[in-house]
Amino acid sequence: MRRLSLSSFALLVSLFARALGSHGQGLIGYGQWWYDPKCCYSCRGIISGAPLDCPAGSMDGMDMRMGMDMDMDMDMTMSSPTAPCIAENAAFLTTLAYCINSTCPGNHVPAWKIERYWADQATGDSSISPMWTYGAALANVTQAPTEVWETGAVLNYTALLSPSDYEYQNSFNNLFDWEEAVQSTYVIIIITVGVGTPVLISLLGHLPYISSIFDKLKPYVVYPSTIGTYNLRPLPWLLGNAPTAGQALYIGMFIALNVVLGAVSYRGFDQPHPWGFTHSGEIMAYVGYRTGHISFALLPLTVLFSSRNNVLLWLTNWPYSTFIVLHRWVARICALQAMTHSITLLGAYISSGTYSTEVHEQYWIWGIVATLCLVVLLFQSMLWFRRASYEIFLVLHILLSVFVIAGCWYHVMYWHGFTGIYEYWIYAVSAVWFFDRLVRVLRVWKNGICRATVTEINSDMVRVDIKGLEWTSAPGHHAFVYFPTLSPLRPWENHPFSILHTTALRSKKHEFASSNDTTRQRYSSDGKDIEEGITKDSPTADVKSPISPHLVTMDTNSVTLYIKKHTGVTSFLQPRSNLPVLVDGPYRSNPTSDVLKSDRILLIAGGIGITGVLPLLTSSNRNTKLFWSLKTSSAPLLQDLSLALDSAPEKDILVGKRLDVEALLEQEARVGWHRVGVVVCGPQGLCDAVRAAVVRCGRKGKTVFELEIDAFSW
């Protein structure tokens with residue numbers, strides 16, 4: 001399956017690269033150039049601002065702003081106010097034709113390329129054709145011109161263009177194409193590294209010697225948090241979540257790559273700039289062009305990392321939670337690149353004296369819209385806003401993203417029209433988004449409209465049995481569930497839940513605890529919850545858990561979810577039958593292959609987090625032990641799962657008491673296991689505590705710990 005996925009991925013990449021590299025489209029230097037053929041552009045560049053004998057009003061503005069529109073010179077704008085005049089001006093056309101005929105043959109430019117340039121660019125507006133073809137214009141040059149045209153003179157005759165003027169314009173065109181080719185190369189490097197790093201690291205992990213090196217490095221450079229023991233728990237004042245060391249390595253590398261490749265390899269023109277830039281203004285313009293392109297290219301990567309149907313989830317062993325963290329950081333880099341693009345070009349236009357004109361152009365306005373929406377997205381995505389109202393955050397997030405994409409599109413279209421470059425990044429980000437949504441719809445359509453039975457476990461927890469879904473209880477998988485009838489005004493609202501196959505909740509035994517199992521169920525004597533810091537020394541009492549009656553008559557063709565009620569649609573879940581639900585899934589949360597290779601597997605759960613580890617308990621015949629702590633108020637959940645837990649060979653269940661995570665890990669290490677898999681699911685504090693304990697134990701012993709954290713903390 002992995003080989004097939006890699007082959008499909010390689011095929012898609014090759015097809016996309018071929019499309020971008022086809023003639024007349026693609027990145028500069030990889031399929032097209034701004035100035036191709038250079039001889040034609042150089043000839044026209046000399047006379048593009050020449051005064052012509054034209055009807056009154058048709059000379060307004062000349063072509064002076066053409067070169068200022070982002071990357072392209074005065075001949076490459078979408079529309080020129082002098083195009084109708086040029087189309088009918090014999091002097092301009094014959095002068096241009098003669099210059100082209102004098103310079104292009106020496107550069108071995110084929111005739112078809114000259115004819116194409118003439119049809120598209122001779123007037124400066126591809127929608128306005130010159131009155132003569134290139135051949136006809138050349139035929140109207142009856143004798144070789146001898147008078148050299150001087151800059152600023154009215155061009156009302158067939159003129160000879162100065163070789164020094166031609167060399168000046170040609171030198172600039174070569175420089176600008178070089179700058180743009182470097183820009184394209186750096187964009188390719190950034191995107192290749194961004195996408196390829198997860199794939200490469202995942203592949204390296206399968207090599208014998210590399211995998212053993214990874215095992216030694218994980219407690220030092222993969223598992224630890226970058227700030228204390230904070231990871232799933234938010235930082236103080238809800239400043240966000242600290243990435244793990246492994247995530248921070250990717251983030252730091254990607255930030256450094258963007259900074260370096262956005263700051264190096266710039267060359268200024270050694271003569272007065274044809275667009276009127278000062279030397280500093282020219283460099284600022286080049287920085288603006290490059291950072292704007294990088295920002296465009298990061299848009300598809302940003303959306304890809306946030307997608308449920310991310311192709312990298314299929315090709316790598318990186319969990320969805322990691323890609324969500326990377327999504328946020330790549331989005332921040334994308335916004336900072338866009339801001340740099342705006343600031344540097346603002347400075348460049350001010351230095352050239354064209355700011356007052358450009359600021360009123362449509363392309364400028366739409367560029368501001370896109371950049372401002374990106375900045376608002378940064379603030380709107382802060383943790384405190386997501387916590388305040390996730391559904392409002394999600395709707396605004398999507399709407400602002402749409403405005404970013406629309407702003408980028410119109411920014412390009414009003415600037416130059418179809419470039420064959422930047423539009424492909426917009427196509428790519430749209431394709432990634434629509435592919436993700438299409439697969440979601442197909443998953444929901446395949447599952448159909450399901451019917452669910454809701455059973456109350458306690459006042460804030462329910463069990464939902466969904467009939468008609470023939471899913472295996474695959475470890476590390478979840479599904480997104482819609483309850484459209486519970487919230488008709490928000491039918492799109494959905495939430496992720498761990499998947500349990502209903503048959504996995506049965507047992508051949510009919511006793512939860514027998515005299516020869518290792519189960520310990522303990523309540524604290526003072527009735528405090530495990531979340532409230534019960535000490536190890538609290539008195540405990542053994543209890544028996546009767547079997548829940550409805551478990552004996554469960555439908556075998558169904559899946560079961562345990563849901564803790566929160567604000568939102570889950571608060572409306574009440575006991576009932578035949579509740580319509582839509583199910584999008586199943587999705588992989590974490591890869592379990594490395595954990596399943598362990599000699600010993602420890603399943604650590606807190607509260608309702610038991611649903612995340614139970615599939616490993618019921619589907620694995622390996623050397624597995626369950627540790628589960630839950631609040632006293634959650635004891636009914638223990639009763640409801642009694643049949644499934646009865647099949648566990650080893651289990652330690654604490655009610656009203658915390659687990660001593662580090663002690664139990666040290667105990668397993670002392671036994672002498674070579675590789676211990678640790679899977680944890682539960683409250684954020686428990687998950688962070690387990691992470692910290694695995695790091696400490698992994699550093700001081702020979703036992704290799706394989707950590708997997710299942711938590712919907714996105």
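The structure discussed here is a predicted model. Helix α22 itself covers residues 661-671, and its buried residues are Val 661, Leu 664, Leu 665 and Glu 668. Viewed down the axis of α22, these buried residues fall within an arc of 100°, so they line one face of the helix. The general rule behind such a pattern is that an α-helix has 3.6 residues a turn, so residues three or four places apart point the same way.

What do the buried residues of α22 pack against? They pack against the strands β11 (600-606), β12 (624-630), β14 (675-681) and β15 (704-709), and also against helix α23 (684-700).

Thr 703 sits in the loop between α23 and β15. Is Thr 703 buried or exposed? Its relative accessibility is 8%, and because buried means under 20%, Thr 703 counts as buried.

Not counting residues up to four places away in sequence, Thr 703 touches Ala 669, Trp 673, His 674, Val 676 and Gly 698. One of these, Ala 669, falls within the residue range of α22, 661-671. Val 671 is 32 residues from Thr 703 in sequence, and the two C-alpha atoms are 9.7 Å apart in space.

## The whole chain

The protein chain has 23 helices and 15 strands. Of its 714 residues, 53% are buried. Among contacts with a separation of 6 or more, 76% are between residues 24 or more positions apart.

α4 and α5 pack with their axes 12 Å apart and at an angle of about 155°. Angles over 145 degrees count as roughly antiparallel, and α4 and α5 are therefore roughly antiparallel to each other. The crossing of α4 past α5 is right-handed. On the α4 side the contact is made by Leu 93, Leu 96, Ala 97 and Ile 100, which meet Ile 114, Tyr 117 and Trp 118 of α5. By class, the residues of this contact are seven nonpolar, no polar and no charged.

α2 also packs with α5, at an angle of about 35° and with the axes 10 Å apart. α2 passes α5 in a right-handed crossing. Here Cys 40, Tyr 41 and Arg 44 of α2 meet Ile 114, Tyr 117 and Gln 121 of α5. This contact of α2 with α5 divides into four nonpolar, one polar and one charged residues. Ile 114 and Tyr 117 of α5 are listed in the contact with α4 and again in the contact with α2.

Asn 170 lies in helix α7, which spans residues 163-204. With a relative accessibility of 15%, Asn 170 counts as buried. Which residues does Asn 170 touch, not counting residues up to four places away in sequence? They are Lys 38 and Ser 42, and the range of α2 is 38-47. The C-alpha atoms of Asn 170 and Ser 42 are separated by 5.2 Å, although the two residues are 128 residues apart along the chain.

## Cis peptide bonds

The peptide bond from Asp 36 to Pro 37 is cis, with omega near 5°. Pro 37 is placed in the loop between β2 (31-32) and α2 (38-47). A cis bond is also found from Gly 585 to Pro 586, again with omega near 5°. Where does Pro 586 lie? Pro 586 is in strand β10, residues 576-588.

His 108 is not a glycine, yet has a positive phi of about 55°. This residue is found in the loop between α4 (90-103) and α5 (111-121), the two helices that pack at about 155°. His 108 has a relative accessible area of 72% and is exposed.

Trp 237, likewise not a glycine, has a positive phi of about 60°. Its place is the loop between α8 (208-222) and α9 (245-263). Is Trp 237 buried or exposed? At 77% relative accessibility, Trp 237 counts as exposed, because the cut-off for exposed is over 50%.

Terms used: Residues are numbered from 1 along each chain as its sequence is written. This is a predicted model: local features need pLDDT of at least 70, side-chain atom pairs count only at pLDDT 80 or more; totals for chains, interfaces and linings use all residues. Side-chain values use heavy atoms; hydrogens and water are left out. Helices (H or I, at least four residues) and strands (E, at least two) are DSSP runs, numbered from the N terminus. Buried means under 20% relative accessible area, exposed over 50%, partly exposed in between (1.4 Å probe, protein chains only). The arc is that of the directions from the helix axis to the C-beta atoms. Contact means heavy atoms within 4.5 Å. Axes are lines fitted to C-alpha atoms, for helices over the stretch in contact, and angles run from 0 to 180 degrees between N-to-C directions. Angles under 35 degrees count as roughly parallel, over 145 as roughly antiparallel, 65 to 115 as roughly perpendicular and the rest as oblique. A crossing is left-handed if the near helix is turned anticlockwise from the far one by less than a right angle, and right-handed if clockwise. Ala, Val, Leu, Ile, Met, Phe, Trp, Tyr, Cys and Pro count as nonpolar, Asp, Glu, Lys and Arg as charged, and the others, Gly among them, as polar.
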